[in-house]
Structure formats: C-alpha cells, structure tokens
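Here is a short briefing on how two protein chains meet. Look at the structure first, then read on.

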2 protein chains.
Amino acid sequence: MIGQLPMAVPDPALPSRVRIHEVGPRDGLQNEKTIVPTEVKAEFIRRLAAAGLDTVEATSFVHPQWVPQLADAEQLLPMLEGVGARLPVLVPNRRGLDRALALGAREVAVFGSVTESFAKANLNRTVDESLEMFAPVVATAREAGLRVRGYLSMCFGDPWEGAVPIERTVRVARRLLDLGCDELSLGDTIGVATPGHVTALLAALNEAAVPTDRLAVHFHDTYGQALANTLAALRHGVSTVDASAGGLGGCPYAKSATGNLATEDLVWMLDGLGVTTGVDLGRLTATSVWMARQLGRPSPSRTVRALSHQEP
Amino acid sequence: MIGQLPMAVPDPALPSRVRIHEVGPRDGLQNEKTIVPTEVKAEFIRRLAAAGLDTVEATSFVHPQWVPQLADAEQLLPMLEGVGARLPVLVPNRRGLDRALALGAREVAVFGSVTESFAKANLNRTVDESLEMFAPVVATAREAGLRVRGYLSMCFGDPWEGAVPIERTVRVARRLLDLGCDELSLGDTIGVATPGHVTALLAALNEAAVPTDRLAVHFHDTYGQALANTLAALRHGVSTVDASAGGLGGCPYAKSATGNLATEDLVWMLDGLGVTTGVDLGRLTATSVWMARQLGRPSPSRTVRALSHQEP
C-alpha cells in the first residue's frame with residue numbers, strides 16, 4: 001500500500017533530473033573503526049550501482065595511515081570492473097593521483113578546505129598551501145583525460161571558527177575552478193547551514209562567474225537541515241547532490257560532523273517532487289539494510305528505518 | 001564558538017515571524033507507555049514557556065481509557081496558572097469540551113481525519129460522522145469565547161489508503177472552517193509528504209477560499225521530510241508551524257507515524273533564516289535534555305543531540 005507513496009507532485013521551479021553523487025563507500029565508510037572486508041565494499045558498490053546510482057565514489061588514495069579503512073583502495077578498484085557506474089576516487093596529492101592512474105581511474109577528486117583551521121587539521125597546510133599542492137594534481141589528472149572534482153569543506157561553518165563568511169568560500173571555489181576542476185562540491189561538513197545561507201552562497205558564486213551547472217552540494221544532517229538545504233539548492237538550479245546510502249558517515253576530523261544526508265531520504269523527496277534520478281528506492285533501501293547488517297548497527301536514515309519496518 | 005551559528009541569512013520570500021505551536025506535552029507525550037508524573041508535565045510546560053514558546057498544547061480531554069498518559073488533564077491544568085503562554089487543549093467531543101470549560105481552558109482543538117480509514121480507526125466514525133460530532137463542540141466553544149483549532153490528520157497519505165487526493169483534504173478543511181474553526185492544522189500524520197505536494201495542497205486550499213493565515217502545518221519526520229516540507233509551507237506564506245520539543249512523539253494509532261518535527265531542528269532553521277520566533281534555542285535544548293532524562297532515553301532531535309555533545 002505504501003508503494004503508492006510518496007505521491008509525485010512535480011514543482012516546475014526545480015530541475016527535472018538530478019544526478020546523485022553517492023559517497024557512502026568513501027565518505028560513509030572512512031569513519032568506521034571496524035575494518036570492512038574489501039569484498040563487502042565491492043559488493044556494496046555493485047549493489048548501489050544496480051539500484052540505479054550512476055556515480056559512486058568508490059574509495060580514497062590517501063596514505064593508509066590516515067584512513068586505515070580505505071587502505072585497500074589498490075585491491076578494491078580492480079574488483080569493480082564491469083560495474084555500470086562512474087567510480088570517482090579521492091586523491092589527496094600527487095602520490096595518490098599516481099596510484100589512482102596506475103589502476104585506471106577515470107575520475108578523481110581533491111579535498112580542499114575553506115577555513116584555515118580545518119586546512120591545518122586535515123591537511124597540515126594553510127588554505128593557500130593546499131591549493132598549491134592541488135595545482136599539479138589537477139593539471140596532471142586533466143592532461144590524462146580525467147574528470148576532476150574539487151571538494152570544498154567547511155563552506156558554511158567550522159567547529160573552530162564558527163560561521164564562515166561567504167566571500168571566503170567564493171574565493172576558494174574560484175581558485176579550484178581556475179586550477180581546472182570540472183565540478184565543485186560545496187560541503188557543509190558540520191551541518192550548520194540553513195536554506196537562506198545556501199541560496200546566498202550560490203548567488204555569490206554566480207556573481208563570481210562560477211556557473212551553477214558546475215556545482216554540487218554536500219550537506220550533513222547534524223542539525224537536521226540537510227534536506228531543507230538541498231531543496232534550497234535545487235530551487236537555485238543545482239542538479240548534482242551528494243548523499244550517502246543509509247546516511248553512513250561523517251568526518252573523522254570534526255567530532256560534531258555526524259550524519260551525511262541519507263540517499264534514501266533524498267530519493268524519497270525527489271520521487272515526491274517528480275524529479276528523475278534513475279534510482280530504485282526499494283533496491284537502494286535493501287542495500288542499506290544489508291550494509292547495516294555488515295556494520296552491526298541500524299541505519300540512521302529515517303526513510304530506511306521507516307521502509308524496513310512492518311506497515312500496519 | 002558554535003554560538004555564532006547558524007549564521008543568519010534572511011530570505012525575503014519568507015514570513016518575518018513564525019509562531020511555533022508546541023505540541024510536545026500533548027502529541028509528544030501521548031504515546032509514552034510509562035506514565036509521566038503530572039508535576040513533571042507541568043514543569044515541562046513551564047520550561048517550554050520560559051524558553052519563549054508562546055503556544056504550548058498542554059493536554060487532551062479524551063477519555064482516560066483511550067490515552068492513559070493524559071488521564072491527568074484535570075490535575076494538570078490548575079498547576080499551569082500563571083504560565084505565560086497560550087495553553088490549548090485537545091477535546092475529542094462534547095464531554096471533553098465540558099471538562100475543559102470547567103477548568104477555564106481558553107483554547108481548544110478538535111482532531112479530525114481526512115481519510116475514512118483513520119476516522120474509523122481513531123474515532124470509530126466515518127469522516128462525515130466525525131464532522132457532525134465536532135459541529136456542536138466547535139459551536140459551543142465559540143459561544144464561550146474560546147479559540148478553536150481543527151486538526152486534519154492524514155492530509156497527504158494514510159497507512160491503509162496510500163496517497164490521499166488533495167481534493168479530499170480540501171473538502172474536510174473547508175468543512176472544519178465552515179463549522180467555525182479559527183485555525184486548521186494540516187497534519188502529515190505518517191510523514192510521507194514532500195515539498196511539491198505541500199505547495200499544491202496549500203494552493204488548492206487557497207482556491208477553495210481557505211486563507212493561508214488560517215493554516216498551520218504539522219509535519220512528521222518519519223521519512224526525514226518534515227523540515228523541507230516546512231520550508232515549502234513557509235515559502236507559500238504559512239506562518240504557524242507545529243513542532244514537538246526534542247522530537248517527542250508520534251501517533252498511537254498508526255505504527256509508522258514516528259517522529260514529530262523537533263522544535264529545535266525547526267528553530268535552528270528559522271534562526272538561520274532570520275525569522276523571529278521568540279524562542280531561545282539554548283533554553284529549549286536544555287529543556288529537551290531534561291525531559292529526555294525524565295523519560296530515560298535520548299532525544300531523537302538531531303539539533304538536541306548535536307548541541308548537547310561536546311564540541312571539539
């Protein structure tokens with residue numbers, strides 16, 4: 001009976017199609033203390049692709065010491081041959097890019113920070129030093145024909161610095177675009193953004209000649225705002241949204257950064273809005289329920305919890 | 001440091017002020033199996049009012065056998081004298097109204113259903129029979145000078161019937177207004193609504209001569225949609241929003257109806273949008289943390305959980 005729901009009532013002010021950039025296997029798992037077997041990760045990615053997600057961020061080529069959970073990137077990627085989805089990988093620096101290139105990666109992402117505090121904590125560099133580090137990474141990736149995504153973390157607030165001025169985010173966005181990034185993902189790493197702030201940042205980026213079709217949004221649900229912020233971004237014309245299956249994940253370097261936007265909660269909204277995603281919510285939910293069993297605890301996604309319960 | 005957050009970035013398309021209709025003590029607690037002492041309920045309401053909530057739905061005059069948790073309505077109301085807030089109470093029928101009037105209640109609410117299935121399950125009547133039952137209740141309350149709110153449950157979907165046609169909700173809304181209700185609260189009892197559906201319903205109500213300033217919205221977070229739906233309603237001009245402190249509550253007659261919109265998650269968004277509510281988020285969060293201790297389990301509100309954790 002619940003299958004008829006949500007009722008699709010399109011909103012002409014929104015994009016007709018949204019590409020979901022699934023980050024569960026990378027951003028979602030990187031925080032997990034118990035090491036997930038490589039075969040389970042591969043199966044997770046296969047199931048996500050089979051549920052209709054056409055972009056699944058697969059892993060990260062960071063130094064294994066930093067993120068032990070993703071130390072198996074070299075083993076994982078070859079297991080994903082034939083998966084029918086784009087499989088971008090994170091590369092923190094030139095060494096990471098070389099490892100990714102050696103394995104035939106077709107898309108990479110660099111992970112920058114808008115704030116000095118987080119650049120220092122996460123990259124042990126100033127913001128400008130990190131951009132200098134990214135420059136040859138992006139240039140080499142582009143020369144090799146790869147698509148490059150630039151993550152901007154702490155776009156709205158920072159646990160050490162509080163509210164982040166919009167012009168700081170615009171400056172870093174402009175720099176990453178000038179370095180050659182194809183797409184920018186605006187991250188609300190600690191989940192403090194609200195819809196008016198989102199709209200104001202997107203408008204300021206447009207004024208700085210950053211086109212909306214080069215932008216993705218990446219919201220965390222720490223304060224329950226992720227979906228409302230996504231709605232504001234869609235209304236501004238953004239049509240690429242990051243989300244994590246089952247709401248897995250957070251950020252290992254910022255305690256309060258719990259809870260990526262759950263892909264299922266996003267798909268429920270987009271299905272209701274008549275926005276095409278290509279994702280089958282039932283198969284996706286089944287995947288998150290399966291993954292939650294692997295991890296030994298329930299999914300934090302409200303939609304996963306509701307759909308996996310008995311209906312009256 | 002987090003005190004600077006959220007950054008207030010007003011959106012001129014939204015109302016400048018929102019009245020929060022706090023339902024925690026009634027809708028939030030009615031589901032609790034362990035009976036909460038009357039003095040704790042009174043203290044909860046006092047603390048909510050002291051946090052700046054100007055409307056706190058205090059209890060329900062249903063038959064004690066239906067909702068044992070609220071069987072102490074007669075004892076509770078006299079304990080609230082001097083509380084500086086409007087204190088509406090639910091009255092299911094004429095007998096409930098008489099009990100409320102005897103105690104000097106100044107505002108009452110009737111609780112209707114849009115769907116036949118829920119009317120049968122909750123009221124053991126058809127929709128039309130329930131409206132006939134409400135007619136003398138609303139008329140008598142109005143004659144006594146009381147303000148009357150009409151709840152409409154299952155406005156968007158129903159666990160037995162699936163998606164609810166918009167015209168069904170419009171019809172019941174129009175009837176309740178014609179009976180004399182001052183305000184209607186549109187309830188998404190099982191949390192299935194999405195923003196386009198919300199906007200379409202509000203527009204259809206306007207077409208049926210139901211003015212937006214007579215409407216409140218009441219969303220549940222079962223599928224994580226409550227705040228996005230609220231944003232859509234605010235954008236349509238709605239300026240009364242129901243919420244439950246700490247996200248307490250659900251609906252005892254519909255298993256899947258878990259999770260009222262948490263008042264704290266709402267206030268975080270409204271603070272960020274520069275919308276005045278009069279609510280002090282810190283005091284409200286402290287109240288929900290206190291209440292969670294009384295109930296012996298953590299608040300489901302993401303904002304309460306984030307604000308009550310240590311920051312890095």
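**Where chain A meets chain B**

Ten residue pairs, both at pLDDT 80 or more, are in polar contact across the interface of chain A and chain B. A polar contact is a pair of N or O atoms within 3.5 Å; within protein, one must be able to donate a hydrogen and the other to accept it, and residues adjacent in sequence count only if both atoms are side-chain atoms. This is a predicted model: local features need pLDDT of at least 70, side-chain atom pairs count only at pLDDT 80 or more, and totals for chains, interfaces and linings use all residues. Residues are numbered from 1 along each chain as its sequence is written, and side-chain values use heavy atoms, without hydrogens and water.

**Salt bridges**
- The rule finds two salt bridges across the interface of chain A and chain B (a side-chain nitrogen of Lys or Arg within 4 Å of a carboxyl oxygen of Asp or Glu).
- One salt bridge joins the side chains of R302(A) and D221(B), at 3.2 Å, N to O.

**Extent**
- In chain A, 47 residues are in contact with 48 residues of chain B (heavy atoms within 4.5 Å).
- The two chains, A and B, bury about 4,200 Å² between them, 65% of it on carbon and sulfur atoms. Buried area is the accessible area (1.4 Å probe) that two parts lose on being put together, summed over both.

**Symmetry**
- Chain A superposes on chain B by a rotation of 180° with 0.0 Å of shift along its axis (RMSD 0.0 Å).

Key
Chains lettered and ligands numbered in written order. Least-squares fit on C-alpha atoms with pLDDT ≥ 70 in both.
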